[in-house]
Each structure stands twice: as structure tokens, then as C-alpha cells.
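I opened this notebook to record what I looked up in one structure. The entries run from the whole chain to single elements and a single residue.

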Amino acid sequence: MKHSEIALVINLSGGKDSQYMLEVLCDLYPDVEKHVVYADTGFEHVNPVSAEEWARQHAAKHGLVLHAVRNPNKTYLEMVETRGMFPGAGTRQCTSDLKRGPIQTWTRQAVRSGLITKKIIVNCIGIRAAESPQRAKQKPLKRDRVMSKNGRIVWNWMPIFKATLTDVLHGLWRRGVALHPVYIPAYHMDGTKGGYLRRLACRVCIFSTDADIRAIYEHDRAAFDAVSELEQRIDFTMKNGKSLVQIMAATPTDTKQYGSEELIDQPDQPCM
Ligand code: SF4
């Protein structure tokens, strides 16, 4: 494929992996047409700066405009309430309905409107093999047969598939790219403190660990309460049979699972 024939659609969440991916792509392909898209699930971090704004500022450093997309019919919490259940880790309806779907819709519209000018579109996703054994089995480059229509050819590509967490953090640190403040202190090179999570995801995510849930309870009580009250209303728990309140009761308060240096090489969990 000639670079002049390609447009990159870069999925930027404002999280470390997609930030690193954007850096790598801008380094490797300075002259390739790029579009940066942010998918808002309606339950994104907003403090002390929104994930969307963080992503927008990062894109702007490369002279790129951030296109924010969302499902017009539902937010994450509305989806859970309507279905009466949380998404499963295997099917991840949240990801398909609130992230992948809106990005695909945006891509089709961008082709129709002429914003995307190339026939070959490479949809870039910041997934890494090291995140989970399931992810490691994925093909990092795959033709999207559903999206490849009407003369356009769409590929799904994971440009940082082989990167480790250390590669990501050191890659960002070397380039002086700051991470969103919600990340644990050990992830920041610039001394940012006050963060409590290893992933920038929905404020409470189906992949949140018990330690994450305790940290969310302590640092983002509104999000904890929103999900906890939802569990009670729909009589369905986000984690296997254990409510957030039960997880809190069972998780020791002196856990040192966040904010610790030893977390740097632990595996992460993906969303897209
Ligand atoms: S961040 Fe978690 S809860 Fe939100 S869409 Fe992704 S997998 Fe679902």
C-alpha cells in the first residue's frame, strides 16, 4: 500500500496506550492522512480534566482535530439499565455499541462528506498483546469485511500490538507526553500525584478489579454510587455475583494495590 493512498483513523481515548499509538503513528507516518476519533460512552472521567479534553489537547499537539462521537441512543449506564444487566467480559456489548459502532458510523459519514479522501482506510486501535491472553491471540492486522464496501477498503490495525507496558510508559516519558491525572503516581514521570487507576476507562468498568473498586469508592464516590444504585435497581451485579458494596466490605482498606511502583509491569485490560 502506498502511503499516499491511505487514511488513518486513530482511536484515541486519552488513555496511555492510545496516546502512545498516536505518538508512534505520527513519528512513522508524518505525511499520511490522519483523523483522530474519540468515543464517549457517557460515563467517562471528567475530573480533574475530562478524558475527551485530554485527548483533544494531545491530538492538537500534532496539529490534529479530535472528532468526538457517541451513540445517540444511549449512554453506558442507560444501556445497562435498559438491558437489566451489565455487559459480559466476553461479548462486551458496551464496546461494540458505544465505541466501535459510533466510530464506524463516523467513518462512513466522513467518507461520504469527503473528510476522508482516501479509498484505503486503516482503523488504528491501541490494543496490546500483553494486556491479556485473549488479546494475544488476535490478529493485529485484519481486513474489515463489513466496513469494506462501495469501493473503500477498511483494515483494522493494532500498531502497538507488541509493545509492553514499559514500552508505552517509557515511550511517553521520553517524548514528554503527560498522562491523564487519574493514573496512579507510578505511571507519571512528571510527579503527578492523586491518581488511583491503572486504566483510563469508564469511571467504573466491567474490568475494574476489586482494588480498583475500592480506589473508585475513595476517589470518585459519585461513580461508585451510580453503579452501586444501578445494581440494586436492576438486581444484577457488575462483578460475578458480588455487589460493589460486598466487594468493598471484603477488600482490605490497607491494600497497596494502587500507587505502587511494582505495578508498572502488570498486565492491563483492554476495552476496544
Ligand atoms: S471501559 Fe469498560 S465498561 Fe466502558 S465500554 Fe469499555 S469495557 Fe465497557
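Entry 1, burial and overall form. I began with burial and noted that 39% of the 272 residues of the protein chain count as buried. I record here that the model is a predicted one. I then looked up the secondary structure and found nine helices and six strands in the protein chain. The radius of gyration is 19 Å, close to the 19 Å given by the globule rule for 272 residues, so I noted the chain as being as compact as a globular protein of that length. For the extent of the C-alpha trace along its principal axes, I wrote down about 55 × 40 × 35 Å. I also looked up the sequence range of the contacts: among those between residues at least 6 apart in sequence, 71% join residues at least 24 apart.

Entry 2, a helix pair. Two packed helices are described by the angle between their axes and the distance between the axes. I looked up both for helix α1 (residues 16–28) and helix α6 (residues 165–175): their axes come within 9 Å and cross at roughly 60°. An angle of 65 to 115 degrees would count as roughly perpendicular; α1 and α6 are therefore oblique to each other. I recorded the crossing of α1 and α6 as left-handed. Which residues meet there? On the α1 side I listed Lys16, Asp17, Gln19, Tyr20 and Glu23, and on the α6 side Val168, Leu169, Gly171, Leu172 and Arg175. By class, the residues of this contact of α1 with α6 divide into four nonpolar, two polar and four charged.

I looked up burial in helix α7 (residues 210–219) and found Asp212, Ile213, Arg214, Ala215 and Ile216 buried. I then asked what covers the buried residues of α7. The cover includes α8 (221–234) and α9 (244–250).

I located alanine 39 in strand β2 (residues 33–39). Is alanine 39 buried or exposed? A residue needs 20 or more other C-beta atoms within 10 Å to be buried; alanine 39 has 24 and is therefore buried. I next looked up its contacts, leaving aside neighbours within four places in sequence, and listed Val69, Arg70, Leu98, Lys99, Pro102 and Ile103. Finally, I noted that alanine 39 and alanine 68 are 29 residues apart along the chain, while their C-alpha atoms are separated by 5.9 Å.

Terms used:
Residues are numbered from 1 along each chain as its sequence is written. This is a predicted model: local features need pLDDT of at least 70, side-chain atom pairs count only at pLDDT 80 or more; totals for chains, interfaces and linings use all residues. Axes are lines fitted to C-alpha atoms, for helices over the stretch in contact, and angles run from 0 to 180 degrees between N-to-C directions. Helices (H or I, at least four residues) and strands (E, at least two) are DSSP runs, numbered from the N terminus. Angles under 35 degrees count as roughly parallel, over 145 as roughly antiparallel, 65 to 115 as roughly perpendicular and the rest as oblique. A crossing is left-handed if the near helix is turned anticlockwise from the far one by less than a right angle, and right-handed if clockwise. Two residues are in contact if their C-beta atoms, placed from the backbone, lie within 7 Å. Ala, Val, Leu, Ile, Met, Phe, Trp, Tyr, Cys and Pro count as nonpolar, Asp, Glu, Lys and Arg as charged, and the others, Gly among them, as polar. The radius of gyration is taken over C-alpha atoms; the globule rule is 2.2 Å times the number of residues to the power 0.38. A residue is buried if 20 or more other C-beta atoms lie within 10 Å of its own, exposed if 12 or fewer, and partly exposed in between; C-beta atoms are placed from the backbone.
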